[in-house]
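Open the model in your viewer and keep the selection tool ready. We will go stop by stop.

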Amino acid sequence: MTIHLAGDSTVAPGPLDGSGVIGWGGVFQEFVDEPVVNRAFGGATTDSFVAQGNWQATVDAVEAGDVVVIQFGHNDQKDADLEADGRYTENLQRFVAEVRERGGSPVLATSVERLLRDDEGALRLSHGSYPRAVRRLGHRLDVPVIELTAFTRWLYEWLGAEAGPTLFPHGKPDRSPEEARDTTHFGLAGARAVAGFVAQNLRAIRGQDDDHEPLGLWVMQQ
């Protein structure tokens, strides 16, 4: 069984030495035993992932029993032709259907949140209706959805002021000092936090731990 990843820069590979930004997919192999094939790339939309051939390459490689995790939205929202409840959803629906035709198991994921705060320090909602579109599609097609928007929002709030330097250590050299921090793309710590969460979700989705005996009685006896 192989795990295939399809997505944008927040999923894409990056340097493993901490020298640059990296998507959670770039470290996902650290958290699973199965082989991982990651075709995500920076700037990808559900349209461009098809246009550049990455989706066809993914589908062609899927074998019965494989898992395909699909996370888009960061760049789709910048394209007026890819409205959340329009072609964005239609493209995701196509992806799901084609994975299933190959005997694979599609898994949808909502987008990781950007770390953007307003003047009062409240965490902004940066993805509008795109996460909702993923949730609705998952419900309608009976496809598991990994809730990365909610998870990363919780993570940023839990870490508080430490979320920036810990998860987003890299800057944008072409920006002013106030806008220098890259609050979209992770460093290694951020990528690993999300990758670990995705891996645990996949274990639950696949039922890998469902047959273990409950430890309640054992705990009571200690």
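**Before you start**

This is a predicted model, in which local features need pLDDT of at least 70, side-chain atom pairs count only at pLDDT 80 or more, and totals for chains, interfaces and linings use all residues. Residues are numbered from 1 along each chain as its sequence is written, and side-chain values use heavy atoms, with hydrogens and water left out.

Helices (H or I, at least four residues) and strands (E, at least two) are DSSP runs, numbered from the N terminus.

**Stop 1: α3 and α4**

Select residues 84-101, which form helix α3. Two packed helices are described by the angle between their axes and the distance between the axes. Here the axes come within 10 Å and cross at roughly 40 degrees. Axes are lines fitted to C-alpha atoms, for helices over the stretch in contact, and angles run from 0 to 180 degrees between N-to-C directions. The two helices are therefore oblique to each other. Angles under 35 degrees count as roughly parallel, over 145 as roughly antiparallel, 65 to 115 as roughly perpendicular, and the rest as oblique.

Now show the side chains. On α3, the residues that meet α4 include Y88, L92 and V96. On α4, their partners include A133, V134 and L137. Contact means heavy atoms within 4.5 Å. By class, this contact has nine nonpolar, two polar and four charged residues. Ala, Val, Leu, Ile, Met, Phe, Trp, Tyr, Cys and Pro count as nonpolar; Asp, Glu, Lys and Arg count as charged; the others, Gly among them, count as polar.

**Stop 2: D142**

Next, select D142, in the loop between α4 and β5 (145-146). Is D142 buried or exposed? D142 is exposed, with a relative accessible area of 64%. The cut-offs are under 20% for buried, over 50% for exposed, and partly exposed in between (1.4 Å probe, protein chains only). Check the backbone too: phi of D142 is near 60 degrees, a positive value in a residue other than glycine.

**Stop 3: H127**

H127 is buried, at 3% relative accessible area. Which side chain does H127 contact through polar atoms? The partner is Q77, at 2.9 Å. A polar contact is a pair of N or O atoms within 3.5 Å; within protein, one must be able to donate a hydrogen and the other to accept it, and residues adjacent in sequence count only if both atoms are side-chain atoms. The backbone oxygen of V112 also lies 2.8 Å from a polar atom of the H127 side chain.

**Stop 4: D182**

Select D182, in the loop between α6 (163-167) and α7. D182 is buried, with a relative accessible area of 6%. Its side chain reaches the backbone nitrogen of T184 at 2.9 Å. The backbone nitrogen of H185 lies 2.9 Å from a polar atom of that side chain.

**Stop 5: α5 and α7**

Select α5 (residues 148-159) and α7 (residues 188-206). Their axes come within 11 Å and cross at roughly 135 degrees. That makes α5 oblique to α7. From α5, the contact uses L148, F151, T152 and L155. From α7, A193, V194, F197 and V198 take part. Seven of these residues are nonpolar, one is polar and none is charged.

**Last stop: A199**

Stay in helix α7 and select A199. At 6% relative accessibility, A199 counts as buried. Not counting residues up to four places away in sequence, A199 touches F28, F31 and V32.
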